[in-house]
Amino acid sequence: RSKATVSVLYCFPQMARRAALSAQRRYAQNPIIPSHQETEMQLFPSGKQPMVLYKGGAPFHVAYILQREPVITKEKHPFEREWEEMVNEEHKKYPRTPEGGNLPELVKKAFPDAYRSLSKEGAYWKEPKFVQLELNAVRSFKIAQRITAEDKADTKEKKTLNRRLEQRLFLITCKDGVWSFPTVTRAQGESLYSTILRGMKEDHKNAVEFHNLSMAPSSSIMNDDGSQTCFFNLYYLTGMPRFPIRGADTHAWVTRNELREYTFPSIEYKKAAYSACFDDYLPINLPINAN
């Protein structure tokens, strides 16, 4: 190796350690995100967030899009199932082992000690008491239905999370016949992200665990009164949301496609919300009516 290569390999671990120590000191002196919930998904250090000075006249409204991720995987397309069956048949016909040998026999020959250890462990779990436990578990097991009772009922009041298990659901609220996402008005000195944290705490009393991928809004619009509404995506993890939210008359958990059925404050609001609600289950470019 050249002297330059050896020098870089020698200096890199020291540079990495210095960078890590510098980052620890910097975050300890000036933490940027408050710890609003004890969760492993919170990736930022705890501490008080610095004040944000904003001298503009128009207020900011922050709408949070609380979404539930798919609970089950999507049904495979017939083409995908046919492809997997063909590949499995090919693997059975043409095994990927040297000299066409049997894989367990090759492992036994190459690693005799490990194979004997695995054989003893397998024999231990084949004792009658464990076999009986496994049989009891198999007999009592019931496959959960992909189509829930709420899906079959298909009521207009979509207030439950136990529906559309293979799609994303988004929380919307209604007041005086107009639907929107839960919205919080930014207070002086707050960042948009800290406004979201305050709104979630006030609305759900720390009863909901959630995760955010970014501290920046995913979309925004200008309102008729000159104010601005920013949309933040939050991922629901666990907990029981509290209702009603901010004086709303009702709420609903809807899919992205179902957003088109509801009346929103304006067509611009509806388009911005529709673009912020990502769901790969449905085509992205679907027509949006005004109301």
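Predicted model: local features only at pLDDT ≥ 70, side-chain atom pairs only at ≥ 80, totals over all residues.
1. Let me start with a residue worth a look: R198 is partly exposed, its relative accessible area being 24%. The side chain of R198 meets that of E202 in a salt bridge, with 3.3 Å from N to O. Both belong to helix α7 (residues 192–204), where a spacing of four residues puts R198 and E202 about one helical turn apart. E202 also counts as partly exposed, at 36% relative accessibility.

2. Now for the overall picture. The protein chain holds eight helices and eight strands. Of its 291 residues, 30% are buried. Its accessible surface is about 19,900 Å², and carbon and sulfur atoms account for 57% of that. Among contacts between residues at least 6 apart in sequence, 67% join residues at least 24 apart.

3. The largest nonpolar core has 20 residues, and those touching the most other members are I172, F181, F231 and L259. Two or more residues each come from β1 (60–68), β2 (169–175), β8 (250–254) and α8 (267–276). Helix α8 gives the most, with five residues. As a general background, nonpolar side chains tend to be buried together in soluble globular proteins.

4. Leaving aside residues up to four places away in sequence, L259 touches I172, F181, V254, F264, K270, Y274 and C277. Another core lies apart from the largest one; it has 19 residues, including V62, Y64, L171 and L234.

5. Back to charged pairs: the salt bridges number nine. One of them joins the side chains of E69 and R168, at 2.9 Å from N to O. E69 sits in the loop between β1 and α2 (78–93), while R168 sits in the loop between α6 (149–153) and β2, so this pair ties together parts that are 99 residues apart in sequence. Are the two partners buried or exposed? E69 is partly exposed, at 27% relative accessibility, whereas R168 is buried, at 12%.

6. A further salt bridge pairs R164 with D151, whose closest N and O atoms are 2.9 Å apart. R164 lies in the loop between α6 and β2 and D151 lies in helix α6, so the parts tied together here are 13 residues apart in sequence. R164 counts as partly exposed, with 24% relative accessibility, and D151 counts as buried, with 12%.

7. Some backbone details deserve a check by eye. Most residues other than glycine have a negative phi, and most peptide bonds are trans. The peptide bond from F243 to P244 is cis, its omega being near 0 degrees. P244 belongs to the loop between β7 (228–239) and β8.

8. Positive phi values are the last item on my list. D176, which is not a glycine, has a positive phi near 55 degrees. D176 is in the loop between β2 and β3 (178–180), and D176 counts as exposed, at 67% relative accessibility. K205 is not a glycine either, and has a positive phi of about 55 degrees. The place of K205 is the loop between α7 and β5 (208–211). K205 is exposed as well, with a relative accessible area of 54%.

Note on methods
Residues numbered from 1 in each chain as written. Heavy atoms only, no water. Core = buried A, V, L, I, M, F, W, Y, C linked by side-chain atoms within 4.5 Å. Buried < 20%, exposed > 50% of the residue type's maximum accessible area, 1.4 Å probe, protein only. Contact = heavy atoms within 4.5 Å. Areas by Shrake-Rupley, 256 points an atom, 1.4 Å probe, with all protein chains shown as cover. Salt bridge = Lys/Arg side-chain N within 4 Å of Asp/Glu carboxyl O.
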